[in-house]
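Please go through this structure with the model open beside the text.

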Amino acid sequence: MAKNTDGDASAKKRGLFSRKPKAEKTNKEPGRLKQIGQVFQMTRRSDPMVVWWMVLAAVAVIAVGLLIGLLINNWITMLIIAIPLALLAAMFVMSRRAEKAAFTQLEGRPGAAGAAMSVLRRGWILKDEPIAANRHQDIVFLAIGRPGVILVTEGPTNRVRDLVNSERKRIGRVLPNVPIHIINAGSAEGQTSLANVGKEMKKLPKSITKLEVSAVDKRLTTLSMNRMPIPKGVDPTKVRPNRRAMRGR
């Protein structure tokens, strides 16, 4: 019996150009507008005043645009220009309030110090895993940038001091010419708040070049491969920073 090759060819052709099944589309990431909506809802739950701050920013921009338009006797053109600028101002306010809300939700959670570093972008190498921890679940995160090596601690300052000093000495032995900075993250007196951890890191004086940043990272990666694991009783999966929540702002 002869095979119907024409039918098979047409079926293959239809398969090439047919739409994907709906089941394959269910795993798509939410669109930009949906992400903005999710961020807005999250921010509003933590900061109900965000709506009024956004409205105030938008109205202020429109008011300035109209004032300039009246002065130059062309308020219609200035209003057209001011409306998109007002939307941008409202989005900027929401972004700032969302960042603050995210840090508020992270306060007191394991790995919050690591998440606080995630606001840093280009030019920084951030380690997702803590490089040290103790039985009290005080932890130390590491970042590498133009200022050198930055150790960010999480836990009471007097209790985490020995832990971070030990890491500082260990790193200093293999990188004697690289500055090592310590930032104690937390809400207690003398500590740096989560919202200001990234800002404090940016303020540190630049001491090494971009090429040296990569070299330092490779040296520390080799060092970490030859070190003892995190103490028993501390679950590393529970102290990883939640970077996805920080990206949503």
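## Thr104 in helix H5

Thr104 counts as partly exposed because its relative accessibility is 49%. This is a predicted model. Thr104 belongs to helix H5, which covers residues 75-106. Its C-alpha lies 8.6 Å from that of Ala195, although 91 residues separate Thr104 and Ala195 in sequence.

Is S3 enclosed by the rest of the structure or open? S3 is largely enclosed, because 7 of its 7 residues are buried. Both of its faces are covered. One side carries Ile139, Phe141, Ala143 and Gly145. The other carries Val140, Leu142 and Ile144. In a regular strand, side chains alternate between the two faces of the sheet.

S3 has antiparallel pairings with other strands. S1 (residues 125-126) pairs with S3 over 2 bridges, in the antiparallel sense. Leu126 stands opposite Ala143 in S3. S2 also pairs antiparallel with S3, over 2 bridges. Here Ala133 stands opposite Ile139. S4 runs antiparallel to S3 and is joined to S3 by 7 bridges. Ile139 has Glu154 as its bridge partner in S4.

## Hairpins and positive phi

Two hairpins involve S3. The hairpin of S3 and S4 has 2 residues between the strands. The hairpin of S2 and S3 has 5 residues between the strands, and Gln137 takes a positive phi near 65° there. Gln137 sits in the loop between S2 (132-133) and S3. With a relative accessible area of 41%, Gln137 is partly exposed.

Asn73 is not a glycine, yet Asn73 has a positive phi of about 60°. Asn73 is found in the loop between helix H4 (50-71) and H5. Its relative accessibility is 70%, so Asn73 counts as exposed.

## Helix H7

How far apart are the end C-alpha atoms of H7? They are 25 Å apart. This agrees with the 26 Å that the 18 residues of H7 should span at 1.5 Å a residue. The helix runs over residues 157-174.

The buried residues of H7 are Val160, Leu163, Val164, Glu167, Arg170 and Ile171. Glu167 counts as buried because its relative accessibility is 5%. Its side chain makes a polar contact of 2.7 Å with the side chain of Arg170.

## Asn184 in strand S5

Asn184 lies in strand S5, residues 180-185. Its relative accessibility of 19% falls under the 20% cut-off, so Asn184 counts as buried. The side chains of Asn184 and Thr153 are joined by a polar contact of 2.8 Å. Leaving out residues up to four places away in sequence, Asn184 touches Thr153, Thr157, Val160, Gln191 and Thr192.

## Helix H8 has a buried side

Which residues of H8 are buried? In H8 (residues 194-203) they are Leu194, Val197, Gly198 and Met201. They lie on the same side of H8, because they cover an arc of only 85° around the axis. Lys202 and Lys203 are exposed, on the face turned away from that buried side.

The buried residues of H8 pack against several elements. These are H5, H6 (112-117), S3 (139-145), S4 (148-154) and S5.

The largest nonpolar core has 22 residues. Those that touch the most other members are Met117, Ile150, Val152, Leu194, Val197 and Met201. The elements giving two or more residues to this core are H5, H6, S3, S4, S5 and H8. H6 gives the most, with 5 residues. In soluble globular proteins, nonpolar side chains tend to be buried together.

Which residues does Met117 contact, leaving aside its neighbours within four places in sequence? They are Leu126, Phe141, Leu142, Ala143, Val152, Val197 and Met201. Among these, Val152, Val197 and Met201 are also named with Met117 as residues that touch the most other members of the largest core.

Key. Residues are numbered from 1 along each chain as its sequence is written. This is a predicted model: local features need pLDDT of at least 70, side-chain atom pairs count only at pLDDT 80 or more; totals for chains, interfaces and linings use all residues. Side-chain values use heavy atoms; hydrogens and water are left out. Helices (H or I, at least four residues) and strands (E, at least two) are DSSP runs, numbered from the N terminus. Buried means under 20% relative accessible area, exposed over 50%, partly exposed in between (1.4 Å probe, protein chains only). A polar contact is a pair of N or O atoms within 3.5 Å; within protein, one must be able to donate a hydrogen and the other to accept it, and residues adjacent in sequence count only if both atoms are side-chain atoms. Contact means heavy atoms within 4.5 Å. The arc is that of the directions from the helix axis to the C-beta atoms. A nonpolar core is a set of buried Ala, Val, Leu, Ile, Met, Phe, Trp, Tyr and Cys residues joined through side-chain atoms within 4.5 Å. The expected span of a helix is 1.5 Å times one less than its number of residues. Two strands pair if DSSP finds at least two bridges between them.
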